[in-house]
Amino acid sequence: MLEIINHGVHLVNGRTLIYGTKEEQKAQLEALGLKERDDRNGTLAYSVLNAHNTRPDDEKLRIRFDALISHDITYVGIIQTARASGLREFPLPYAMTNCHNSLCAVGGTINEDDHVFGLSAAKKYGGIYVPANQAVIHQYAREMMAGCGKMILGSDSHTRYGALGTMAVGEGGPELVKQLLKNTWDVNPPQVVLVYLENAPKPGVGPHDVAIALCGAVFKEGLVTNKVLEFVGPGVENLSMDFRIGIDVMTTETACLSSIWETDEKVKNYFITHGRPGEYKEMKPDTVAYYDMAIRIDLSKIESMIALPFHPSNAYTVHELQQNPEILYEVEKAAKAQFGDKVDFRLKDKIVGGKILVDQGIIAGCAGGMFENICEAAAILDGKDIGDGYFNLSVYPSSVPVNLALIRNGIQGKLLEAGAVFKPCFCGPCFGAGDVPANNGLSIRHTTRNFPNREGSKPGDGQLASVALMDSRSIAATALNKGVLTAATDVEIPAYDKEYAFEKGVYEKRVYQGFGKAQGDYELKLGPNITDWPEMYALEDNLLLKLAAVIHDDVTTTDELIPSGETSSYRSNPLRLAEFALSRRIPEYVGRAKAVAAEEKKRREDESVEVLSVLSRVTDNSVEVAKHTQFGSCIFACRPGDGSAREQAASCQKVLGGFGNICYEFATKRYRSNCINWGILPFTISRDTEFNYADGDYIFVPGIRDAVKNGNEEIPAKVITENGINDITLYVKGLTEEEKTIILEGCLMNYYKAQGR
């Protein structure tokens with residue numbers, strides 16, 4: 001299905017792929033009368049990046065975006081941070097959607113209080129406000145904000161609009177704050193990966209099948225981490241826009257930085273349909289384009305796929321799983337390894353008579369809730385039913401315009417008649433705030449993620465359900481068979497009416513368009529749960545860290561660092577939200593971190609017995625050294641930060657007194673940036689270093705302030721345990737001058753305050 005070419009390649013005229021040794025490529029190019037190129041400037045990615053780079057002579061790209069977008073888990077914190085840093089007016093279009101906390105079913109009034117705050121902020125600062133249940137964040141951006149050659153920054157990791165010729169990036173909230181304060185997004189020039197599409201998908205294969213196959217091929221080895229995926233090739237023209245968008249949004253799960261696609265008449269027609277024809281322009285690579293690696297995908301060989309718990313890269317064909325249902329035992333082992341005896345998790349119960357039974361189907365959000373996905377599901381279930389057993393099916397359209405089209409062409413009626421349930425334009429099922437299955441339930445979902453607890457279960461309370469990702473077509477085929485796992489390629493899919501009419505009037509009537517209309521004297525509406533950030537202190541000369549969580553999993557997701565689901569209701573209250581940090585992975589973490597923070601408070605008052613006792617083991621002048629040694633908690637994880645872009649994965653640690661992360665590598669650039677922006681030292685260690693230390697051990701980093709200030713990337717430290725003292729080398733690599741200053745000041749807000757913003 002996929003071929004990975006893990007070395008530099010050339011593409012000629014967007015269609016001829018040239019690879020092999022450097023000498024072989026040079027010879028092939030010369031035979032065509034062309035010269036090889038050793039830079040990436042012929043790619044689509046760099047045509048866009050270069051156009052947005054404010055300092056082309058710098059070692060880093062300094063990007064200013066065309067627009068920003070956030071949802072109601074993140075925009076309150078972003079605006080509060082920007083406000084504390086001197087914000088007066090939004091300098092670029094900033095859309096605030098309400099699709100994550102729109103259920104308003106947890107925490108009393110606090111979710112709707114956030115929505116009221118959002119509208120008041122749009123009026124005060126000149127923003128765009130999309131009311132609850134109108135659209136999920138990324139569908140609104142596609143319909144109303146994307147444009148060929150543009151760049152959009154969003155505070156959601158699935159900010160991907162490459163299929164529309166827009167390079168979009170998902171980052172933590174502080175990066176949006178920087179844009180609101182007219183600063184730049186700073187990034188090392190990324191490598192570009194050619195994703196070369198050939199042929200056409202077979203009937204029954206949908207975008208999620210292609211996306212899952214891609215994730216399975218590249219994620220585990222980190223082949224495309226922090227790189228840009230560029231989709232080109234003759235197969236592109238064989239895909240509808242919904243199909244392209246469905247693949248594109250899932251590129252986040254490969255851990256890539258962003259994505260971009262070549263554009264054609266279908267993209268042009270998309271913009272015409274959505275009333276924005278001026279946003280189209282043809283985008284193709286140069287005559288000769290150089291890529292750092294390539295992935296060839298033969299679309300005709302893609303099968304119906306399933307991503308088993310607990311990651312989108314845990315990919316199998318549905319037929320493979322049907323033939324070897326014992327594969328489910330491996331998932332049980334993974335759950336046992338992570339959760340121990342907290343839960344009794346049994347997927348083997350799903351194997352009945354040699355077949356696999358699932359409990360729930362969900363088609364939802366920015367990946368599943370697209371018009372064509374729902375239409376094809378309806379075609380499969382037309383005139384049939386999902387039965388009266390345990391299996392149930394819910395559908396969440398991605399926007400009201402999509403839902404209107406489904407109503408007007410009869411698609412919604414076909415699914416309702418079959419027993420499916422339609423729900424609002426809501427992202428909840430993707431992060432555990434809607435349609436939580438029963439304990440030990442197995443849900444199949446055309447959504448973006450299936451991390452542990454992503455469906456809303458609570459292992460700490462003895463509950464554990466799980467999600468497998470599948471395309472809407474195979475979910476409908478499974479529903480047709482009353483919950484028996486079925487590949488859509490094994491059922492008949494009748495033709496359906498693909499004509500789509502976009503109703504822009506919905507947004508014209510309900511969306512507040514305030515860009516350029518800031519009302520500076522307008523009063524923000526602050527509910528009782530919306531609080532300011534607590535005081536944060538500048539980095540001192542030395543740093544003493546106490547390990548509060550040690551995690552040896554291969555990857556630690558942001559969902560584990562700060563769980564999603566009902567906890568998201570408290571996103572506007574930093575202290576309250578911090579109580580949930582690592583609660584579903586290491587429940588003891590919060591108490592440990594608080595104890596360290598309490599001891600740091602004593603140190604500031606020259607009363608910390610613990611700090612003096614520890615320092616006395618590594619210095620002869622512990623009393624004096626303690627006056628200049630910050631004491632904070634620390635997390636070790638092998639590869640932290642995969643998944644969501646939300647900044648709270650880092651800010652909650654800082655609120656609890658966290659000052660360091662130690663890891664072999666950060667899973668994503670965005671999580672590392674979140675740590676830096678909240679003044680958390682992003683330490684790495686060599687892969688040759690065996691980190692066999694435990695909760696409660698200490699790490700003393702003398703001279704850390706000078707090391708950061710002077711750009712020292714190799715930092716000697718000492719690990720202090722009950723059994724002795726060991727040397728360790730920590731690394732802080734590649735900090736920009738601005739990032740150094742942010743860490744020295746203690747966080748991004750302090751950095752802006754120091755500038756007099």
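Modeller: The helices α5 (137-144), α12 (365-368) and α16 (428-431) each supply at least two residues to the lining of the largest cavity; a helix is a DSSP run of H or I, at least four residues, numbered from the N terminus. Among these contributors, α12 gives the largest share, 3 residues. The model is predicted, with local features needing pLDDT of at least 70 and side-chain atom pairs pLDDT 80 or more, while totals for chains, interfaces and linings use all residues. Numbering runs from 1 along each chain as its sequence is written, and side-chain values use heavy atoms, without hydrogens or water.

The largest cavity holds about 230 Å³ of space. A cavity is a set of points on a 1 Å grid over the protein atoms alone where a 1.4 Å probe fits but cannot get out, and lining residues have an atom within 4 Å of a point. Of the 25 residues in its lining, His100, Asp156, His158, Cys430 and Arg454 are the closest to the centre. By class, this lining comprises 10 nonpolar, 11 polar and 4 charged residues; Asp, Glu, Lys and Arg count as charged.

In total, 5 cavities of 30 Å³ or more are counted. The second largest cavity has a volume of about 50 Å³, a volume being the space filled by probe spheres set on the points. Glu175, Lys178, Asp186, Lys669, Ser673, Thr736, Glu738 and Glu739 form its lining. Here α6 (173-180), α25 and α27 (737-745) each provide at least two residues. The lining of this second largest cavity has no nonpolar, 2 polar and 6 charged residues.

Note on methods:
On a 1 Å grid over the protein atoms alone, a cavity is a set of points where a 1.4 Å probe fits but cannot get out, and a pocket is an open set with protein on both sides within 12 Å along at least five of seven lines; lining residues have an atom within 4 Å of a point.
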